[in-house]
Amino acid sequence: MIHRALQRLNRIGRHLVVPNPSVNTSRLAAGFGTEAKDGISIAGMAHVVLSVVDFEKSAKFYKSLLPFLGLKLVSDSPQFCYHVGGKTALGIMPCTSVNEDQKFVQGKLGLHHLCFRARSKEDVDKVC
């Protein structure tokens, strides 16, 4: 199933190396066996940067959440906040003024969602 989704992304013009069908994609979904035979192998997601309407409110939220998840604040300015850890990073920045009146709509063009994986349910329960 993952392989078909990757092929579809490739067909619609995304720059993506589609792994060989012999790769066990059920293990890919679980985060194992990520070596591609016909392309590059990735070590993870390097970073994601989110454009936000209310930078001050969003920065406060992520500065509270991300250190709990093991990410360290490495850049903090009035226009950019960046946390690094767990082989990834998350940045936030204000959106452009032309988009200030927009709301996030899941399913619209762009980011669908962002998901962090905790080591255990107990870790998640500590924050909730």
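This is a short chat about the predicted model shown above.

User: What kind of model is this, and where does the numbering start?

Analyst: It is a predicted model, in which local features need pLDDT of at least 70 and side-chain atom pairs count only at pLDDT 80 or more, while totals for chains, interfaces and linings use all residues. Residues are numbered from 1 along each chain as its sequence is written, and side-chain values use heavy atoms, with hydrogens and water left out.

User: How many helices and strands are there?

Analyst: The protein has 4 helices and 4 strands, running α-α-β-α-β-β-β-α from the N terminus on; these are DSSP runs, with helices (H or I) of at least four residues and strands (E) of at least two.

User: Which residues make up the largest nonpolar core?

Analyst: That core has 11 residues, V48, L50, V52, F55, A59, Y62, L66, L71, C81, L90 and I92, where a nonpolar core means buried Ala, Val, Leu, Ile, Met, Phe, Trp, Tyr and Cys residues joined through side-chain atoms within 4.5 Å.

User: Which element gives the most to it?

Analyst: Helix 3 does, with 4 residues.

User: Switching topic, how are the rings of F61 and Y62 paired?

Analyst: They are edge-to-face, 4.9 Å centre to centre with 75 degrees between the planes, given that rings of Phe, Tyr and Trp (its six-membered ring) pair if their centres lie within 6.5 Å, and planes under 30 degrees apart count as stacked, over 60 as edge-to-face and the rest as tilted.

User: Is Y62 buried or exposed?

Analyst: Y62 counts as buried at 15% relative accessibility, since buried means under 20% relative accessible area, exposed over 50% and partly exposed in between (1.4 Å probe, protein chains only).
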